Amino acid sequence: MTTSDATLTAAEATAIAQEVLTQVGRAVVGKQQPLSLVLAAILAKGHVLIEDFPGLGKTLAARTFAQALGLDFSRAQFTPDLLPADLTGSYIYDQRVSEFSFRRGPLFAGLLLADEINRTPPKTQSALLEAMQEGQVTVEGETHLLPVPFHVLATANPVEYEGTYPLPEAQLDRFLLRVAFGYPTADEEYDVVARRLERQREEVSVEAVTDAAGLAAVQAAVERIQVDQSVGRYCVALAEATRAHSDVLIGASPRGSLGLVLAARGWALIRGRDYVIPEDVKAVATSVLAHRITVKPELWMTQASGSRVVAAVLSDVPAPGALERR
C-alpha cells in the first residue's frame with residue numbers, strides 16, 4: 001500500500017514502520033535490533049553508517065529498505081579513483097542544442113547506498129557529507145536540491161586499512177547512527193541458505209509499504225512524539241558524562257545529545273508509543289554516541305573504546321523515574 005501526505009496518527013505511523021520491518025526481515029534474516037535502529041534513524045531524518053565485516057547483509061539491507069519505503073535507490077561503489085563529480089553529477093555539452101545540460105549523479109535518489117565509504121579519498125567523502133548536511137549540491141556555481149526525503153546508508157569495512165581513508169571524527173559526527181550487524185547464529189545462517197534454495201534465484205525483492213510522501217508523513221508523526229524535560233536532560237547528562245570519562249580524549253558534542261533525542265523518538269514510534277521513555281534512549285545510546293567519542297591514544301592497546309565508554313556512562317548516570325501521564 002502507499003500513503004499520502006495526510007497527517008498520520010502515531011498508531012498509523014507505527015503500523016507502517018512495523019510493516020516496513022516485516023518486509024525487510026523477509027530479505028535480511030535475524031537482524032531485528034540493528035534493522036530497527038536503521039529504521040529509527042531514517043524516521044528521525046538521519047543517515048546511518050553500517051560498519052561490519054563483508055557478507056553480513058549491509059548492501060542487502062539498504063536495497064530492501066529502499067524497496068519497502070518506496071524510495072528511488074542508487075548505489076555508489078566508493079573506490080580510490082572516485083571523483084566528487086561521479087557522485088554529484090556534472091555538466092555535459094549537448095551538441096544537438098549547443099549548450100551544457102546537467103546530468104545528475106547517484107546522489108539524486110531517495111536512498112543512496114555509499115558502499116565502502118572508507119575506500120575513497122577525503123575530497124569525495126566531503127562531497128557526500130556536504131550533501132548529507134545541506135540537502136543540496138553545487139556544481140559549476142549552480143545549486144541543485146536533492147529529493148526529499150533523502151537518506152544515505154554508508155558501509156565501511158572495519159578490518160582492512162590498507163588503501164583506505166578512514167573517516168575523521170568530524171565527519172563521523174554527521175551520521176546519526178553507526179550500526180553493526182554481527183554474525184548470525186547457526187539457525188539464522190541456515191535460514192539464509194534455505195530461503196535461497198526455496199526462491200531459486202539470487203535476487204530478493206520485497207513489497208513497497210509506502211512511498212516518499214508516506215515516509216515524509218511518518219517522519220512528521222515522529223516530530224510529534226513527546227519528550228519530557230527529564231528525558232531530554234537525561235540525554236544531555238549522558239553526552240556530558242562521556243566528556244568527563246577518564247578514557248576519553250574528546251567526548252560527544254551537543255550533536256550527540258540531540259541525536260539521542262531524535263533517534264529515541266524514532267525508536268519510540270516503532271515500539272508503538274507517542275512519547276519517549278528512558279529505555280528508548282538506552283536502546284539507541286551506543287549507536288548514537290560511540291562513534292562520537294575519541295579514546296585517548298595511549299589506550300590503543302587496551303580494550304578501551306567508545307562503546308565501553310557509553311556502557312559505563314549508562315550505568316553511572318541515573319535515569320529519570322517513571323512519569324505518570326496526564
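Partly exposed is the class between buried, under 20% relative accessible area, and exposed, over 50%. I keep that scale at hand for this predicted model.

**Entry 1: aromatic pairs**

I looked up the ring pairs and got a count of four aromatic pairs. I started with Phe53 and Tyr183, whose ring centres lie 5.8 Å apart with 25° between the planes, a stacked pair. I then checked where the two residues sit. Phe53 is in the loop between strand 1 (48–51) and helix 3 (58–69), and Tyr183 is in the loop between strand 9 (177–179) and helix 7 (186–199). The two residues are 130 residues apart, and I noted the pair as a link between distant parts of the chain.

I looked up the accessibility of both partners.

Next I took Phe102 and Phe108. Their ring centres are 5.9 Å apart and their planes stand at 75°, so I recorded the pair as edge-to-face. The cut-off for that label is over 60 degrees. Phe108 has a relative accessible area of 14%, so Phe108 is buried. I also found that ring pairs join Tyr91, Phe102 and Phe108 into a cluster.

**Entry 2: surface patch**

I returned to Phe53 and Tyr183 in the list of patches. Together with Val159 they make up a nonpolar patch on the surface. The accessible area of Phe53, Val159 and Tyr183 together is about 310 Å².

**Entry 3: charge over a ring**

Which ring does the charged end of Arg273 sit over? I found the ring of Tyr275, with the charged end 6.0 Å from the ring centre.

**Entry 4: Thr120**

I located Thr120 in the loop between strand 5 (111–115) and helix 5 (122–134). Is Thr120 buried or exposed? The relative accessibility is 0%, so Thr120 counts as buried. I then looked up a contact of this side chain. One of its polar atoms lies 3.0 Å from the backbone oxygen of Thr79.

**Entry 5: Ala76**

I placed Ala76 in strand 2, which covers residues 73–77. At 6% relative accessibility, Ala76 falls under the 20% limit and is therefore buried. I also took the separation of the C-alpha atoms of Ala76 and Asp86, and it is 8.7 Å. Along the chain, Ala76 and Asp86 are ten residues apart.

Technical notes
Residues numbered from 1 in each chain as written. Predicted model: local features only at pLDDT ≥ 70, side-chain atom pairs only at ≥ 80, totals over all residues. Heavy atoms only, no water. Phe/Tyr/Trp six-rings, centres within 6.5 Å; stacked < 30°, edge-to-face > 60°. Helix = DSSP H or I, 4+ residues; strand = E, 2+ residues; numbered from the N terminus. Buried < 20%, exposed > 50% of the residue type's maximum accessible area, 1.4 Å probe, protein only. Lys NZ or Arg CZ within 6 Å of the ring centre and 35° of its normal. Patch = residues over 30% accessible without salt bridge, like charges linked within 9 Å, V, L, I, M, F, W, Y side chains within 5 Å. Areas by Shrake-Rupley, 256 points an atom, 1.4 Å probe, with all protein chains shown as cover. Salt bridge = Lys/Arg side-chain N within 4 Å of Asp/Glu carboxyl O. Polar contact = N/O pair within 3.5 Å; in protein donor to acceptor, adjacent residues only side chain to side chain.
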